[in-house]
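Hi everyone, thanks for coming along. Please have a look at the model on the screen, and then I'll walk you through a few side-chain contacts.

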Amino acid sequence: MAEVITKEKSGGKQNKKPIKIDMTPMVDLNFLLLMFFMFTSSFTKPNVMDLGLPAKDPNPIPTNYDIDYRNQITFIIGENNRIFYHQSNEKDLTEAGLKETDYNGLNVSKIISNAYEKAPKKENFTIIVKPTDDANYKNFVDMMDNISISNKERYGISDIKPWEKKVYENVIK
């Protein structure tokens, strides 16, 4: 591997032998090991959440109709790990109607199943998730996991409406 080359100096009382180490084979070995580990290692694959988005419909249904608020439940993801839900329309939503829960899967699943049981048209029951600007990504993923646990296939992600934001801000004050 490494070779020690010595030279003798003549003259003087002391014979000093300078040592010179040839590092070329060491560098070659280093690069070989580096290349070996680079080619044989596997990189971790990113975890991806499947949202199960539907295919684009060639004949879309016009969206000028309102969904009955009894056939939906809306979750508002707020700051500081807070989550609120309601089942109201713009006229009926009040601070008392915006209820708070936590991200416990049992609580969210129970809220979703209770809303589903009260829905007049169960085939149209929809879960709407509205994260605020202060919500964090972890809470959004937790909410999507809870929806997945509840086995409801109709859900949507939307921006919070101004009338909901007004009530939300009054509640968190």
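Let me start with a term: a charge sits over a ring if NZ of Lys or CZ of Arg is within 6 Å of the ring centre and within 35 degrees of the ring normal. Now look at Tyr116: Lys152 lies over the face of that ring, at 4.2 Å from its centre. Lys122 also lies over the face of Tyr116, at 5.7 Å from the ring centre.

A word on the ground rules. This is a predicted model, where local features need pLDDT of at least 70 and side-chain atom pairs count only at pLDDT 80 or more, while totals for chains, interfaces and linings use all residues. Residues are numbered from 1 along each chain as its sequence is written, and side-chain values use heavy atoms, leaving out hydrogens and water.

On to ring pairs, meaning Phe, Tyr and Trp rings (for Trp, the six-membered one) with centres within 6.5 Å; planes under 30 degrees apart are stacked, over 60 edge-to-face, and the rest tilted. That rule gives four aromatic pairs. Among them, Phe36 and Phe37 have ring centres 5.2 Å apart and planes at 70°, so they are edge-to-face.

Tyr116 is partly exposed at 24%, whereas Phe125 is buried at 3%.

Notes: Buried < 20%, exposed > 50% of the residue type's maximum accessible area, 1.4 Å probe, protein only.
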